[in-house]
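Subject: Structure handover

Hello,

Here is the structure we spoke about. Please open it first, then read the notes below it.

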Amino acid sequence: MAEIVSVPEDSGRYLVCSRYRGQFQPGWFSPEFWQPSIMPVSSGGRGSAWFIDSPDGPWVLRHYLRGGLIARVLSHHYLYTGGSRVRSFQELELLEQMYGEGLPVPEPIAAVCNRRWGLYYSCAILMKRLPGTVPMGDLLETLPLSRWRDVGAVIRRFHERNVNHADLNCFNILISEENIYVIDFDKGRRVPASEPEAAWKRANLERLKRSVVKVIGADNSELNSRWSSLLAGYHQA
């Protein structure tokens, strides 16, 4: 696994994967820095992510935004309780672990934490873009049963590595002609071996199914066969 380097700057604190340390610039986390080589991500999310055409190739910039009622007051600020609990830093470190283990995730680049008013912080993360991929949520009506099985097998790979995805939904699974990836590990974690497996693994799958039902409807005639195929791939992996 590559080393992650802490980079203190006047404007914030940064964690940078060591392979990008030599070229790193704090401006990377500002959409304005990349104009005109940047465009918003249109599918999934809350309008807080951008595709970047960087000199190093296609990247993704994601700013962390809150959901729910609290977002009306603190849309992109979180209570600061220490550097080790900054959400972008946690996700970067988890991504780097998984990427080093060969799990199908985006290659991480860097993360930032900007303190606000002493008590709060905002944060963002940069990663390589996965070219030629489409969110599973955009393909539900046309995805063949064999690919549903492949999705189940990929989820099983993460579970065997004790990776608990906090928001496993059909827009956080990206599909290309050859590969299937999982993205957006905000609040994801490695589950200790001492923690019972069945509950969190089942919760991951149930959350994914709810997202599928939300898109195609509970009365969809193909729902049962598609979901059964996914579970078959999961159990046979």
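**The cavity**

The largest cavity has a volume of about 70 Å³. Keep in mind that this is a predicted model. A search of the whole structure finds 1 cavity of 30 Å³ or more. Its lining is made up of Ile155, Phe158, His159, Val163, His165, Leu168, Val182, Phe185 and Asn204. By class, that lining has 6 nonpolar and 3 polar residues, and no charged ones. Helix H2 gives the most to the lining, with 3 residues.

**Helices H2 and H3**

H2 covers residues 145-160, and helix H3 covers residues 197-216. Their axes come within 11 Å. They cross at roughly 145°. The crossing of H2 past H3 is right-handed. On the H2 side, Trp148, Ile155 and His159 make the contact. On the H3 side, the contact residues are Trp200, Lys201, Asn204, Leu205, Leu208 and Val212. Sorted by class, the contact has 6 nonpolar, 2 polar and 1 charged residues.

Asn162 sits in the loop between H2 and strand E10 (163-164). Asn162 is not a glycine, yet its phi is positive, at about 60°.

Next comes an open site. The second largest pocket has a volume of about 250 Å³. Its lining counts 17 residues, and the closest to its centre are Phe29, His63, Asn114, Ser122 and Ala124. Which elements give two or more residues to this lining? They are strand E7 (108-116) and strand E8 (120-128). By class, the lining divides into 9 nonpolar, 7 polar and 1 charged.

**Salt bridges**

How many salt bridges does the structure hold? There are 15. One of them pairs Arg62 with Glu91. The closest N and O atoms of this pair are 2.4 Å apart. Arg62 belongs to strand E5 (residues 57-63), while Glu91 belongs to helix H1 (residues 87-100). The two residues are 29 apart, and the pair links distant parts of the chain. E5 also includes position 63, and His63 is among the residues closest to the centre of the second largest pocket.

**A cis peptide bond**

One more local feature is worth a look. Gln35 and Pro36 are joined by a cis peptide bond. Its omega is about 5°. Where does Pro36 lie? Pro36 is in the loop between strand E2 (12-17) and strand E3 (38-40).

Best wishes

Conventions. Residues are numbered from 1 along each chain as its sequence is written. This is a predicted model: local features need pLDDT of at least 70, side-chain atom pairs count only at pLDDT 80 or more; totals for chains, interfaces and linings use all residues. Side-chain values use heavy atoms; hydrogens and water are left out. On a 1 Å grid over the protein atoms alone, a cavity is a set of points where a 1.4 Å probe fits but cannot get out, and a pocket is an open set with protein on both sides within 12 Å along at least five of seven lines; lining residues have an atom within 4 Å of a point. Grid points are joined across faces, edges and corners, and a volume is the space filled by probe spheres set on the points. Helices (H or I, at least four residues) and strands (E, at least two) are DSSP runs, numbered from the N terminus. Ala, Val, Leu, Ile, Met, Phe, Trp, Tyr, Cys and Pro count as nonpolar, Asp, Glu, Lys and Arg as charged, and the others, Gly among them, as polar. Axes are lines fitted to C-alpha atoms, for helices over the stretch in contact, and angles run from 0 to 180 degrees between N-to-C directions. A crossing is left-handed if the near helix is turned anticlockwise from the far one by less than a right angle, and right-handed if clockwise. Contact means heavy atoms within 4.5 Å. A salt bridge is a side-chain nitrogen of Lys or Arg within 4 Å of a carboxyl oxygen of Asp or Glu.
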